[in-house]
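Trainee: Let us go through this model term by term. I want each label set against its rule.

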Amino acid sequence: MPGPTYTQHALNLPSYPRGSHLITSDITSQLSAPLKGIKVGLLHLFLQHTSCAMSLNENYDSDVRKDMTDSLDKIVVEDKAGKGIYRHDAEGSDDMPAHIKSSLIGASVSIPITDGKLALGTWQGIWFLEFRDGKHRRKVLATIQGERT
């Protein structure tokens, strides 16, 4: 009986504006071939950046994503007036709040794989949260481990 297999794949996300975005289809389209044939396993997605985040959350109502963005902006305020709230401000007023939000939400998610498909709950989707203004190219390292059929 063969043992578990492990593969890694470097993924590139499209450039997203500041906010919370549903990226389930971006991820599954880039990983459709490697996921195929995994009977049971685990997909680990690791975002290789410190000013954005990944999460599993509501995939149906886009208002949830808007509310999440608004709520995080209220919890971690940006120093647009330049009052010196943060010491780390050389990269702009949005940078330090982005680092804080990234630490609060996290840079990775793990999702079970069943019969070659992600075993997400009915209303779950993979979120990408961009906390910076401007266009950024973001990279995700996907690790797939599992038993092949």
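Mentor: Start with the lining of the largest cavity: Arg 18, Gly 19, Ser 20, Thr 69, Leu 72, Asp 73, Lys 101, Leu 129, Glu 130 and Phe 131. The model is predicted: local features need pLDDT of at least 70, side-chain atom pairs count only at pLDDT 80 or more, and totals for chains, interfaces and linings use all residues. Residues are numbered from 1 along each chain as its sequence is written, and side-chain values use heavy atoms, leaving out hydrogens and water.

Trainee: What makes a residue part of a cavity lining?

Mentor: Lining residues have an atom within 4 Å of a cavity point; on a 1 Å grid over the protein atoms alone, a cavity is a set of points where a 1.4 Å probe fits but cannot get out. One cavity of 30 Å³ or more is counted. The largest has a volume of about 50 Å³, where volume is the space filled by probe spheres set on the points, joined across faces, edges and corners.

Trainee: Which element gives the most to that lining?

Mentor: Helix 2, with three residues. Helices (H or I, at least four residues) and strands (E, at least two) are DSSP runs, numbered from the N terminus.

Trainee: Why are strand 2 and strand 7 called paired?

Mentor: Pairing needs at least two DSSP bridges between two strands. Leu 22 stands opposite Trp 127 in strand 7.

Trainee: What is the strand order in the sheet?

Mentor: The order is 2-7-4, in an open sheet of three strands with antiparallel pairing. Strand 2 (19-22) and strand 4 (52-58) are the edges, since each pairs on one side only.

Trainee: Why is the pair of Tyr 16 and Phe 128 called tilted?

Mentor: Rings of Phe, Tyr and Trp (its six-membered ring) pair if their centres lie within 6.5 Å; planes under 30 degrees apart are stacked, over 60 edge-to-face, the rest tilted. Here the centres are 5.8 Å apart and the planes at 45°, so the pair is tilted. Tyr 16 lies in the loop between strand 1 (5-13) and strand 2, Phe 128 in strand 7, 112 residues apart.

Definitions and conventions:
1 Å grid on protein atoms, 1.4 Å probe; cavity = no way out; pocket = protein on both sides within 12 Å on 5 of 7 lines; lining within 4 Å.
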